[in-house]
Number of protein chains: 4
Amino acid sequence: MSAPVYVSVVGAGSATDEEYERAREIGRLVAERGGVVVCGGLGGVMEAAARGAAEAGGVALGVLPDEDRSRANPYVTYAVASGVGQARNLAVVATGDVVVAVGGEYGTLSEVGLAGKVGRRVVSLGSWDVGDHVVRAASAEEAVERAFSLLREEGQGPASR
Amino acid sequence: MSAPVYVSVVGAGSATDEEYERAREIGRLVAERGGVVVCGGLGGVMEAAARGAAEAGGVALGVLPDEDRSRANPYVTYAVASGVGQARNLAVVATGDVVVAVGGEYGTLSEVGLAGKVGRRVVSLGSWDVGDHVVRAASAEEAVERAFSLLREEGQGPASR
Amino acid sequence: MSAPVYVSVVGAGSATDEEYERAREIGRLVAERGGVVVCGGLGGVMEAAARGAAEAGGVALGVLPDEDRSRANPYVTYAVASGVGQARNLAVVATGDVVVAVGGEYGTLSEVGLAGKVGRRVVSLGSWDVGDHVVRAASAEEAVERAFSLLREEGQGPASR
Amino acid sequence: MSAPVYVSVVGAGSATDEEYERAREIGRLVAERGGVVVCGGLGGVMEAAARGAAEAGGVALGVLPDEDRSRANPYVTYAVASGVGQARNLAVVATGDVVVAVGGEYGTLSEVGLAGKVGRRVVSLGSWDVGDHVVRAASAEEAVERAFSLLREEGQGPASR
């Protein structure tokens, strides 16, 4: 059995209904492919991605900005309390092999930038489309398909365990 | 089913044989009680704690200082690449409900201090015994027993999910 | 005497000649207005901004990703070794009252995002133009003018000391 | 003119009168020797050290846990808003060439540990005396004398700029 792929799903803490359902489907599809979902552990897109993973019987890691785990959304399988505030955005993208961005505000923009800085590709679903490391997708299904195919292109199953 | 307790196991990246075996037993005992082991993800005590958890069929989270997951020891169930260097010590202790320290050098000392700062109790097994938040144990078994009883005293199962 | 305004100047560690000269002029102009220049402490745009400030007799703070100050460029007046790797980008923008971005790659993009997250306006001089918190400038002089006028609009001298 | 030595002064945010006066004298003595004082930027020992430096016409850097500079004590010459919470303790000790600890609670203990981790010696004035990298002093004067002599022993003026 090979090590799982980790997919970071990033987006705003307050999501529209459409964003929420998209992130939930992304979480579900990643889990169905055996991947681990990584998110920021709070609400909105973060909650939806974790929820989708949980509903498919998969695993979602939530990396919180806080000094304890109490604010983790109820769908996170395992929560990490980073204690470093918004610097946890670095941990969220660095933990993934690839990043999927759904909608999002400035925090998400910082994650797209940090992903590029640490060499992760980003699939944007209605999110920021800035930088050569970003590709677009038009649906949750396409986003997950592109995320996994980007990893294959890079000759990585999971780039790292 | 209630949320699991998280126990952070901290100690040096190079462990003596005795420290390694103690940390491994701690990992095993925490897992047997249904707890999640949290560690720094690298070698020595960190590896041993994760190994013990894995051997008991449990879960070990490894929070690395690095920008990717590649250096995680092979026993970590899920690795988090924090990207923040030694500041990840804060994440390791903040993620746990309680901390067990086995041997250890200056990094471990910083974790004992950070644990106190964020309000976590520490059980020291041949490690730093500094601060009112630290209690001593003489064996792996006693260390785990004390860790769980400290949590009960605080009226917490898991202080937070 | 009122507290100085802090202006964060962000951009890539490898700058084109044009970017270098622009950042140097920005550093000089900020210092001439009594402002403190904040940068990432390394080369390229970071060096140029610090150099401009130093050449005008002003002060440049350099916030490094490293665990010591040894890589600070020679023009930094005071260096801070953050120890947190790329998470120091948060410190660079959070320390400023306003941010000026000159050219730049993914690290700069992350700074533009983090600036928005912590409520700082950004003036882009040939840099990322993404988000409602970003305004454009066509020259170093205009960039500094806009930075200071954004602060006046917000009713802040320095938002904080 | 050679680069200045940076001396990190650490201790609790609430200081006794004796601790406050000791930290203030340390700040003054460091500044009189041409050194830069580095502190955590808030109250208690942090304020006192900055105050002493300022009263002697010197410079004090304050590295805050916060996302803006507003809580910096009024004696800090230049404030840095790290944004990373308690992880800024790493920045405080990593920025210094040597560390002086005055009294202090768990945060200070973490700084003593982190100092050891990143290779900085610590002079303890009524503070934690744990680890081979710590030497004791009985007065502010002796603490500063020992701090500078430790640096000379290491063959460093400033270990790094």
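Six residues of chain D and six residues of chain A make up the contact between these two chains, where contact means heavy atoms within 4.5 Å. This is a predicted model, in which local features need pLDDT of at least 70, side-chain atom pairs count only at pLDDT 80 or more, and totals for chains, interfaces and linings use all residues. Residues are numbered from 1 along each chain as its sequence is written, chains are lettered from A in the order in which they are written, and side-chain values use heavy atoms, with hydrogens and water left out.

Chain D and chain A together bury about 310 Å², of which 51% lies on carbon and sulfur atoms; buried area is the accessible area (1.4 Å probe) that two parts lose on being put together, summed over both. On the side of chain D, the most area is lost to chain A by Glu67(D), Val84(D) and Gln86(D), which together account for 71% of what that side buries. By class, the side of chain D that touches chain A holds two nonpolar, three polar and one charged residues, where Ala, Val, Leu, Ile, Met, Phe, Trp, Tyr, Cys and Pro count as nonpolar, Asp, Glu, Lys and Arg as charged, and the others, Gly among them, as polar.

The table sets out two interfaces.

| Chains | Buried area | Share on carbon and sulfur | Salt bridges |
| D and A | about 310 Å² | 51% | zero |
| A and B | about 2,500 Å² | 54% | two |

A salt bridge here is a side-chain nitrogen of Lys or Arg within 4 Å of a carboxyl oxygen of Asp or Glu. Between chain A and chain B, the side chains of Arg69(B) and Asp97(A) meet in a salt bridge at 3.1 Å, N to O. The side of chain A that touches chain B divides into 19 nonpolar, eight polar and six charged residues, and the contact takes 33 residues from chain A and 33 residues from chain B.

Within chain D, helix α1 (residues 17–32) and helix α2 (residues 45–55) pack at an angle of about 40 degrees, with their axes 6 Å apart; axes are lines fitted to C-alpha atoms, for helices over the stretch in contact, and angles run from 0 to 180 degrees between N-to-C directions. Helices (H or I, at least four residues) are DSSP runs, numbered from the N terminus. Residues of α1(D) including Tyr20(D), Ala23(D) and Gly27(D) meet residues of α2(D) including Ala48(D), Ala49(D) and Gly52(D). By class, this contact of α1(D) with α2(D) has seven nonpolar, two polar and six charged residues.

Note on methods. Helix = DSSP H or I, 4+ residues; strand = E, 2+ residues; numbered from the N terminus.
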